[in-house]
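Subject: Structure handover

Hello,

Here is the structure we spoke about. My notes on it follow below.

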Amino acid sequence: MNRAHLNRSFIIAVLVALLAPVQNAAEVRRLTLTEAVHLALSQNRELKIARLNVAESEQKRAAAKANYFPELKNQSTFLHTTAFQNIDIPAGAFGVVPGVGFVPTHDTLIDQGHQTFATSGTELAQPLTQLIRIHEADRIAKSQITASRDGVKKAETEVALRVHELYYAIMVAHLQKSASDQETAVAQTRLRESEEDVRNGNALRIATIEGRAGLLQSEQTTLTIELQLSDLTTELNDLLGLPLDTRLELSAVQPASVDDRPRDEYEKIAWAENPQIQAAAEAVEQAKAGVVAAKSAYIPDITAIARHSYQSGVPFVDRNFGTFGLTLTYDVFDFGKRRAVVREREATLAKAEENLARLKEAVSVQVERSYNKVERTKQMLQVANEVVRLRAEGERLAENQLAQGVVLVSNRRQASAANYKAQADLLQAQLAYLLAGAELEQTIGRTPGL
């Protein structure tokens with residue numbers, strides 16, 4: 001019975017071990033850099049919120065535009081009075097007419113309506129002079145839509161830039177881990193060689209201690225890189241809107257390239273397309289509209305109205321009647337309130353114009369810095385390419401010498417580790433070059449990687 005139970009347990013354990021890799025393999029998500037950027041732009045929650053802000057601004061403008069049109073509203077009342085005074089005219093109150101007698105001839109009670117009565121009025125009102133303020137409010141709402149769209153564009157460039165950073169950082173970490181694995185193998189080989197030399201009497205025991213210390217340091221470096229990889233993958237998954245435990249398999253990237261344009265052209269594009277500058281320009285337009293709206297408060301509010309009224313139970317009033325005409329409202333004196341509002345809006349306009357000028361200067365400086373960074377990182381990339389070429393040649397020579405018995409296995413693995421490290425440095429240089437270009441694209445208002 002115990003043997004059968006053990007056999008079943010063993011079979012179950014084997015099946016779990018066989019199925020686990022299949023289950024884990026199904027969770028791997030393969031991505032290219034372009035796919036990662038598009039995935040982030042479509043699923044990132046911050047971008048979704050920014051796009052909802054655009055939808056919110058569009059509805060605000062729809063509400064502002066509705067004020068252009070006439071407003072049709074109804075006001076109805078249904079009332080009951082507990083008592084009211086009747087008009088009682090006694091007989092002969094107006095005298096006596098010969099041949100007729102008393103006027104009136106008997107007591108007369110004039111009906112004052114009913115104790116329960118209802119009124120209903122339907123009015124159509126079209127603002128006239130208020131259209132000035134309505135037009136400016138529409139301008140402000142329109143500018144807010146444009147500003148919110150500029151905010152989406154700015155957020156998209158930031159997200160795309162962050163995807164590039166994390167994507168390259170993960171690939172660099174993988175190469176660094178490969179180099180660290182090779183260095184660990186080198187340390188293990190050297191430790192075995194040191195132990196062999198100690199046994200043969202060709203070295204002191206301190207060589208073994210140093211070899212073990214080097215092996216532990218290599219293993220510690222590997223563990224540090226693995227932890228860094230885990231953190232970077234989790235952050236990239238969050239940025240892409242994927243489950244945090246998704247395993248990513250990133251495709252190799254093409255060599256970095258940046259559009260080669262004159263510095264002046266980059267500055268012109270930045271002034272025309274940079275989302276921060278565009279948002280600041282919209283803020284200026286909003287401030288101008290605010291000044292006009294504030295000054296329009298000095299114009300009387302004139303509204304054209306047409307009204308149909310119905311009543312039931314009200315004396316001396318026709319059951320159905322209509323009224324039409326104009327209404328005028330004007331604040332004769334407000335203790336300087338309108339003047340203060342106008343000055344406040346003028347100060348807001350001056351501040352918005354100054355902020356726009358400041359941003360243009362700041363963007364020009366940023367274009368200069370990013371352009372210079374692209375040039376410097378381009379030179380660093382050329383140097384890193386040359387180092388990779390030399391390290392690859394060194395590894396090839398070490399492989400040949402190992403086959404001839406000229407060098408030890410540790411020397412061969414050390415050359416391989418140096419090659420991996422050079423490739424990691426090259427990828428790091430590519431990242432620096434690409435990020436410098438992406439930063440330049442972001443500065444001029446373009447989305448990197450699209």
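Which residue does the side chain of Asp334 meet in a salt bridge? The partner is Arg338, with 2.8 Å from N to O. A salt bridge here is a side-chain nitrogen of Lys or Arg within 4 Å of a carboxyl oxygen of Asp or Glu. Arg338 counts as buried because its relative accessible area is 10%; buried means under 20% relative accessible area, exposed over 50%, and partly exposed in between, with a 1.4 Å probe and protein chains only.

Before the rest, some notes on the source. This is a predicted model, in which local features need pLDDT of at least 70 and side-chain atom pairs count only at pLDDT 80 or more, while totals for chains, interfaces and linings use all residues. Residues are numbered from 1 along each chain as its sequence is written, and side-chain values use heavy atoms, with hydrogens and water left out.

Overall picture

The chain has 9 helices and 10 strands. Helices (H or I, at least four residues) and strands (E, at least two) are DSSP runs, numbered from the N terminus. Of the 450 residues in the chain, 32% are buried. Among contacts between residues at least 6 apart in sequence, 80% join residues at least 24 apart; contact means heavy atoms within 4.5 Å.

Salt bridges

The count of salt bridges comes to 17. In one of them, the side chains of Arg30 and Glu249 meet at 3.5 Å, N to O. This pair links distant parts of the chain, with Arg30 in strand β1 (residues 28-31) and Glu249 in strand β8 (residues 247-250), 219 residues apart. Arg30 is exposed, at 54% relative accessibility, whereas Glu249 is partly exposed, at 40%.

Another salt bridge joins Lys288 and Glu285, at 4.0 Å from N to O. These two are 3 residues apart in helix α7, so about one helical turn separates them. Lys288 is partly exposed at 35% relative accessibility, and Glu285 is partly exposed at 32%. Both belong to a network of salt bridges that links Glu136, Arg139, Glu285 and Lys288.

Helix packing

The axes of helix α6 (residues 263-273) and helix α7 (residues 275-295) come within 6 Å and cross at roughly 45°. Axes are lines fitted to C-alpha atoms, for helices over the stretch in contact, and angles run from 0 to 180 degrees between N-to-C directions. That angle makes α6 oblique to α7: angles under 35 degrees count as roughly parallel, over 145 as roughly antiparallel, 65 to 115 as roughly perpendicular and the rest as oblique. From α6, Ala270, Trp271, Ala272 and Glu273 meet Pro275, Ile277 and Gln278 of α7.

Helix α2 (residues 33-43) packs on helix α3 (residues 45-65) at about 50°, with the axes 6 Å apart. This pair is oblique as well. Ala40, Leu41, Ser42 and Gln43 of α2 make the contact with Arg45, Leu47, Lys48 and Arg51 of α3.

Gln311

Gln311 lies in strand β9 (residues 301-312) and is buried, at 7% relative accessibility. The side chain of Gln311 reaches the backbone oxygen of Asp318 at 3.5 Å. Leaving aside neighbours within four places in sequence, Gln311 is in contact with Ala118, Thr119, Val317, Asp318 and Arg319.

Regards

Terms used: A polar contact is a pair of N or O atoms within 3.5 Å; within protein, one must be able to donate a hydrogen and the other to accept it, and residues adjacent in sequence count only if both atoms are side-chain atoms.
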